[in-house]
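Thanks, everyone. I will take one structure today and go through a helix, the residue after it, and the cores.

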Amino acid sequence: MNVFIDRLNEEDAKELYTFECKNRAFFEQTIAGRGDDYYNVDTFEIRHRDLLKEQEAATCSCYLIKEDAGTIVGRINLVDIDPINGTAYVGYRIGEAFTKKGIANEALQLLIKLAPEMKVTQLHAKTTNVNIASQRVLAKNGFERMSVSEEMSEDTSQKLTLYHYRKNL
């Protein structure tokens, strides 16, 4: 399956909300949940607009991962962009029906190519200890595991073991 990444915009809200709701249980098996409030349509729309404002301010750059027909198959983002230090954090999620097809790997490669345009020279990522697929994608793309930490999820108060990664571009 060929995929491309498409910068998030206002018109994506409805389709993205459907994607997030459909995949909620799947995502929460390996990453911290976003809390029930996130899945309220009105709250989602407010958060979507806030995210677009952050993107406009260049503190993040968010993308939808789409297959050739334009269907959303995942998301991938650069957040906490610091152009002075050249750093940003990578986050991504692939819908359940689209896993094990190399999509996360392909999307991450595309994002890595775009990062220098945003003055990013070092990428950071983190994943839970149980998200083996994400660990493999990061390693395959040259990320090095730097540390391990335990944190509490802000949305669900779950205790999480996180692996922290870094890649110099």
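**Helix α2 and the cores**

Directly after α2, Ala-58 adopts a positive phi of about 65°. This is a predicted model, where local features need pLDDT of at least 70, side-chain atom pairs count only at pLDDT 80 or more, and totals for chains, interfaces and linings use all residues. Residues are numbered from 1 along each chain as its sequence is written, and side-chain values use heavy atoms, with hydrogens and water left out. Helices (H or I, at least four residues) and strands (E, at least two) are DSSP runs, numbered from the N terminus.

Ala-58 sits in the loop between α2 and β2. It is partly exposed, with a relative accessible area of 46%; buried means under 20%, exposed over 50%, and partly exposed in between, with a 1.4 Å probe and protein chains only.

Now α2 itself. Thr-43, Phe-44, His-48, Leu-51, Leu-52 and Gln-55 are its buried residues, and they pack against β1, α1 (13-27), β2 and β3.

Next, the cores. A nonpolar core is a set of buried Ala, Val, Leu, Ile, Met, Phe, Trp, Tyr and Cys residues joined through side-chain atoms within 4.5 Å. The largest has 28 residues, and Ile-65, Ile-76, Leu-78, Val-90, Leu-108, Leu-123 and Phe-143 have the most contacts inside it. The biggest contribution to this core is from α3, with six residues. Another core, of 14 residues, lies apart from it and includes Leu-8, Tyr-17, Phe-44 and Cys-62.

Lys-100 is in the loop between β4 and α3 and is exposed, at 87% relative accessible area.

Definitions and conventions. Contact means heavy atoms within 4.5 Å.
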